[in-house]
Amino acid sequence: MNTVSQTLGQAPSAHVYKNDVRRKLLLIVVFFILTVLAVITDLLCGSGTLPWHVALNGVFHPDQASPMVHVVMWDLRMPVTITAVLSGIGLAIAGSLMQTVLDNPLAEPFTLGISSAAGFGAALVIVFQTSLVSFLPVDYLLTANAFIFSLVTVLFIGIFAARKGLSVEMIVMLGIAVHFIFSALLGLAQYVANVDQLQSLVFWMMGSLQKSTWTQVGINAVIIVLVVPILLLLSWQISALRGFGEQAQVLGISVARLRMLLLTFSALLASAITATIGVVGFIGLVAPHVARMLVGEDQRFAQLMTMIVGALIMTLSSIVSKMLIPGVILPIGMVTSLLGVPFFVWLVFGRSMGRR
Amino acid sequence: MLNVNELSVRIGRVDILKPVSFELTTGQSLALLGRNGAGKSTLVKGLAGLVKAKGDIQLEGVSLNDMTQKERSRIIGYVAQDFSSSNVRLSVFELLLLAQNSQNMQLRASPESLVLAQEMLNMLGLAHLSERMLNEMSGGQRQMVALALALIRKPRLLLLDEPTSALDLANQLQLLQTVRDYTQEQNITTLMVLHDLNLAHRFADQTMILESGKVSAFGDTHEVLTAEQIANSYGVHCEVFIGSDGSRSIHPLSAI
């Protein structure tokens, strides 16, 4: 057996570890700055012809801006940009949590059927003018119905799985079944919808930032502000769950309870964002992988980086959606999918070739 | 002292472990032997609180039954049989910090955990693997890491489920010698599931043989591992040689 005296001459691991921590923190700061720059660029881009210095002045000195500039910057562009940041954060972290809970690197926020459930919730309002929360003002019916359907769907799966002691594979199968049920119902709604309703529904399903309002910004911000600090405090436990799976119990972690909590948070974030902007794919799949490639599996760094990368990808997608075809703003979900598909293919093939 | 009284485990409709009772003095190691499916891993998991078990377990006068999993985890170190199949992408040093900070609600790793991780790497001769990811290591190296993860939490009861199954001969001896030294120096209690009867002879003070979930033999290792008992429990004829220094070795001859 090697003794302490025999190994004293070797490089102290703690020192190497501290350097690695500094490197990760530096990367987080760099990506944060990149995100801030992307946010400013997104604010300066729009379908109109507002000069960039006028736009910037409108942001930093709103009291000196003309009423037109004030409206464009603060009522139109700002909610869209902030929604891009918040939804990027929310979808990315929801994807990361789903990958942890389901122990599957290809899981994403919609794996358990959130997208089709939210779509059906929206279809009920658009096509059948029916809502579970008809007491709410008309403007909020669609968002609220989509939110409730998606949240209840995932929570039902989570609670059912916990009660029956289902394995992770069984939970995924249940999610697929639920997804197909809501897809069929959504198809039925599309079949009976008139042309205008169908157009509204399809456009909603594509995902768009353009209808973002300050109220929606507020709701998403509150959910993120409540959930994210708790997740950061649970970083060690989430790392243990990712690292040891069921065996994390021997470290004193209540694995079943932690899984349920993370599933609830993932559902809450994904439901709120999907209800606000529609179905935006690939952020939740791609951002956690990019983050892990940059800072590794330690969730203290990975979670922060996941949120930043999610916000960055979403903001860059927002810029592309406005710049790709002059005068036209493409649905954000389409752009994220176009940008995400090559990465997804690389992820799958890279994985099968053992490069991950 | 570890006192186990009528410990049993039922999974579905099957009694995997029928009521088992035994005592083990602190500072001693117990080898758990038996054929495949005898209930060895289940007994260890029952003690670790990883499967629901009936019966009373007392460690150094404190009942484990009254403890939460969190409290139990502070005094029990467990090395799983299938830890080596884990594909976690964390470095060995990160894993050692994780094992110590798993209940930490602060983002910063505690300073003591950095010192202890370094000490544990040095103690087990793993310092050269510190930056290596678990999925880049051999099965044997992973088993050494698994032991480090269990020891770093300073357990009072150490449970090892086939800790040497992927190790070469030199590393088998090194790991079990480390476990034996640690058990005696720290005055803790150790249970290890083994298949190699010679290793049990060499490193275990006490031996228990399980058959179909029941104890078929228990006592001092040299008294339990006789040719007759091995024939009864394993269905194998063998010879037990006693060396000039009193050490024993078992030579299997043929299946009965």
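Chain B is divided into domain 1 (2-225) and domain 2 (227-256), with bounds that come from an automatic or database domain assignment. The structure is a predicted model, in which local features need pLDDT of at least 70 and side-chain atom pairs count only at pLDDT 80 or more, while totals for chains, interfaces and linings use all residues. Residues are numbered from 1 along each chain as its sequence is written, chains are lettered from A in the order in which they are written, and side-chain values use heavy atoms, with hydrogens and water left out.

Consider the pair of domains within chain B. The C-alpha centres of domain 1 of chain B and domain 2 of chain B lie 26 Å apart. Contact (heavy atoms within 4.5 Å) links 13 residues of domain 1 of chain B with 11 residues of domain 2 of chain B. The two domains of chain B bury about 1100 Å² between them, 57% of it on carbon and sulfur atoms; buried area is the accessible area (1.4 Å probe) that two parts lose on being put together, summed over both. Between these domains there are 0 salt bridges, a salt bridge being a side-chain nitrogen of Lys or Arg within 4 Å of a carboxyl oxygen of Asp or Glu. On the side of domain 1 of chain B that touches domain 2 of chain B, at least two residues each are supplied by β3 (29-34), α7 (197-203), β9 (206-211), β10 (214-220) and α8 (221-224) of chain B. Helices (H or I, at least four residues) and strands (E, at least two) are DSSP runs, numbered from the N terminus. The element giving the most to this side is α7(B), with 3 residues.

The other interface joins chain B to chain A. Here 42 residues of chain B are in contact with 34 residues of chain A, and the area buried between the chains is about 3300 Å², of which carbon and sulfur atoms give 61%. In chain B, the residues that lose the most area to chain A are B:Arg89, B:Met105 and B:Leu107, together 19% of what that side buries. The count between chain B and chain A is 1 salt bridge. B:Glu94 forms a salt bridge with A:Lys24, and their closest N and O atoms are 2.9 Å apart. Turning to secondary structure, α2 (69-75), α3 (92-101), α4 (111-123) and α6 (169-185) of chain B each supply at least two residues of the side that touches chain A. The largest share of that side, 7 residues, comes from α3(B).
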